[in-house]
Amino acid sequence: MQSSWLCRPTFTGQSGSDSMAQSTQDAMTVETLVAADAAIPFAVPTSRWDDAHAATLSPAELLLYRSNLLGSDLTVTNFGGGNTSAKLTQTDPLSGAAVEVLWVKGSGGDIGSMKLDGFATLYQEKLLGLEAHYAGPDDDDKMVGYLPHCTFNLNGRAASIDTPLHSLLPFAHVDHVHPDAIIALAASSGGEAATQEIWGGKIGWLPWKRPGYTLGVMLRDYVRANPQVEGVMLAGHGIICWADSAKACYEHTVQLIADAANYLNGKLAAKPAFGGQKVAPNPDRATIAADLMPRLRGFMTGARRKLGHWSDDAEALEFAGSVEFERLAALGTSCPDHFLRTKIAPLTLDPARLQDDAYLAEKIADYRAMYAAYYERCKRANSPAMRDSNPVVVLVPGVGRITFATDKTTARLAGEFYGNAINVMRGAEAIGEYIALDEQEAFDIEYWLLEEAKLQRMPAPKPMVGKIALVTGGAGGIGAATAARFLREGACVVLADRDASAAEDVRAGFAKQFGKDVVRAVACDVTDEAQVQAAFAYAAREFGGLDILVANAGIASSAPIEQTTLELWDRNFDVLAQGYFLTAKHAWGLLKRMKEQGGTSVVFIGSKNAVAAAAGASAYASAKAAANHLARCLALEGAPEGIRVNVVNPDAVIKGSKIWDGDWRKERAASNKIDAGEELEAHYRNRSMLKRDVLPEDIAEAAYWLGSEASAKSTGNMINVDAGNVQAFTR
Ligand SMILES: [Zn+2]
């Protein structure tokens, strides 16, 4: 979900694993961090300001520099990062007069990575004049609509809902951030006293008020009445502070965070977090997560399929394994940004009952009922309809945190936000009692009408968003082209290939093109059952399950019958028949899980030679025929489970093919008594009825159609993509 509430951006962030099958942290590190007798400390930031660099910058660039420094330091603030502003004197383009312009981080974007065009620019005089339109808290939504009328210099960047916090304060430079250490104070019953103890009256305290114009007015009035303050804690939310220069403002912000972190670390050092450890990290947690995620995903019925993200970071293991876990988890999160990403509360599971499907189904059903009851309790006359009621965050003691969303990046970010929420709870409980966001306030933020309007304007998702595909032979020509086709339509893809380094190269290329979150690579020799099983477990753990299997990994050989050794015969059957059998067999359990969500699809990449006889390639053609018949058998067996099984029969796809790179090219050329170069390609082109080359992208197109909902009524079929070959006509 995107949010214009406040300070959180439309995300473009992508992380995910940078290398193959390296999704978990070093187990030693995590287990050491989650020691039974010590809490995880808060990071303490230090200034990274560079005077020499700053001296080269214009006033607007100084604001950007300060913002980027704050936002890119994860010890200062978490993803998205808050907002920053400066009031600068500029020349009015119409009158030529010098005017005061508020530069403030606009709606969307992340202060860590934003550019100058990420700032909204508004006439400060007009912003101050808006107060004439404000009669009280009921006008908050109306005031948002006036902001565009204050735009300076036709800047198209929309001003965010936090703009009044900046415009109504009479200071040249203002920062507003939500670092974990600060929210920990802001969300604790002991927070106000701690604020007094740390800063001795230099930092003020405002009770919770949801962001908007009213909060801006409250803040302005508070600062007028307390002129000695240098910043104000916003309860349940974050902090706002100011200074006379960009450097002073930045260093002030960093110092306040460091003060809060040092204070909390002093309190945390005395005792373990959350009442101490009850459940230690389970050494088998990766295996447990891989088993659990597809089952949870299968029970999360609704309009859209979910992508999963598992994390066993130290925060998740410390919190979920603690004595106070159930009590605190039930309270939900505090800061609006955390809440919007993670929903009203997480779902918690008993690690002793994870094998029990009935238990999991009941827990999901209970969560959905709980969410519906929350909606009914809090809804207002004009509230938008209830949204998806499935849990976003699932916590399992000893195993970690699993988050679900309709796309992978959102699922990952939800997990990261819950990690921030854990830090907040740890700090808040160290100085008092953690205070969650009030339920009605949470609802009013979640179902804010202006947010709903924004959601309604979002474009329809791509057709494969929410789908998880595994492609064997994913590093080869047809495999990579098929993966690219799926990725382009929004799917998440696991590239499984015997050649691990080739698969990693393809993954790295796709990560640049489509984002790191949506593609993974795993080493998999389809003749090795243990590797096949491990590849599917990897897909389950990385994305949450499986919707589409493309069995594509292949070899080819060419030899007259008398020269076909038993070894050659077996090799063809090992890869092409048994390999397809093993991949289908071990995909089956994952695929069955999605029956209620519209079912799943298996696509076999077959061959023209599965249908048409081939002289001098009997081992290859017979093994391909076996695989195609396996597909028909599985289509019959899969139908009651919602699993469709279809075949694409290519012919002579030479470009990008690993098969055609080797002996097969020479063997086929020799068999056809032609040159192995361009003559071979011309030979196959001219042999086809349409006289055209068949490319990997052509096969990918058919695989895409069979993998997608467009072919929802097709199973047991073969599609020939061979530029026309009468021998391969099915009859
Ligand atoms: Zn904020």
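**Salt bridges and their surroundings**

A: Arg380 has a relative accessible area of 43% and is therefore partly exposed; buried means under 20% relative accessible area, exposed means over 50%, and partly exposed lies in between (1.4 Å probe, protein chains only). The structure is a predicted model, in which local features need pLDDT of at least 70 and side-chain atom pairs count only at pLDDT 80 or more, while totals for chains, interfaces and linings use all residues. Residues are numbered from 1 along each chain as its sequence is written, and side-chain values use heavy atoms, with hydrogens and water left out.

The side chain of Arg380 forms a salt bridge with that of Asp444, at 2.6 Å from N to O. Asp444 belongs to helix H17 (residues 439–446), whereas Arg380 is in the loop between helix H15 (357–378) and strand S10 (393–396), so this pair ties together parts 64 residues apart in sequence. A salt bridge here is a side-chain nitrogen of Lys or Arg within 4 Å of a carboxyl oxygen of Asp or Glu. Helices (H or I, at least four residues) and strands (E, at least two) are DSSP runs, numbered from the N terminus. Asp444 has a relative accessible area of 12%, which means that it is buried.

A search of the whole structure finds 32 salt bridges. One of them joins the side chains of Asp175 and Arg66, with 2.7 Å from N to O. Because Asp175 lies in strand S4 (residues 173–177) and Arg66 in helix H3 (residues 59–71), this pair ties together parts that are 109 residues apart in sequence. Asp175 and Arg66 are both buried.

The side chains of Asp356 and Arg353 also meet in a salt bridge, with 3.7 Å from N to O. Here Asp356 counts as partly exposed because its relative accessibility is 31%, and Arg353 is partly exposed because its relative accessible area is 37%.

Salt bridges can also join into a network, and one such network links Arg297, Arg305, Lys467, Asp547 and Glu709. Arg297 is one of the buried residues of helix H11, and among the others are Arg285, Ala289, Leu292, Met293 and Arg295. Helix H11 (residues 285–299) has 15 residues, which should span 21 Å at 1.5 Å a residue; the end C-alpha atoms are 21 Å apart, and so the two values agree. The expected span of a helix is 1.5 Å times one less than its number of residues.

The buried residues of H9 include Tyr213, Leu215, Val217, Leu219 and Val223. These buried residues pack against several elements, among them helix H4 (124–129), helix H5 (140–146) and strand S5 (203–206).

Ser558 is buried because its relative accessible area is 12%. A polar atom of the Ser558 side chain lies 3.1 Å from the backbone oxygen of Gly616. Leaving aside neighbours within four places in sequence, Ser558 is in contact (heavy atoms within 4.5 Å) with Gly616, Ala617, Trp664, Glu667 and Arg668.

Lys713 and Arg644 are 69 residues apart in sequence, and their C-alpha atoms are 8.6 Å apart. Lys713 is found in the loop between helix H26 (696–707) and strand S18. With a relative accessible area of 82%, Lys713 is exposed.

The final point concerns the backbone. Most residues other than glycine have a negative phi. Leu154, in the loop between H5 and H6, has a positive phi, near 55°, and Leu154 is exposed, with a relative accessible area of 84%. Ala723, in the segment after S18, also has a positive phi, near 60°; at 12% relative accessibility, Ala723 counts as buried.

Terms used. A polar contact is a pair of N or O atoms within 3.5 Å; within protein, one must be able to donate a hydrogen and the other to accept it, and residues adjacent in sequence count only if both atoms are side-chain atoms.
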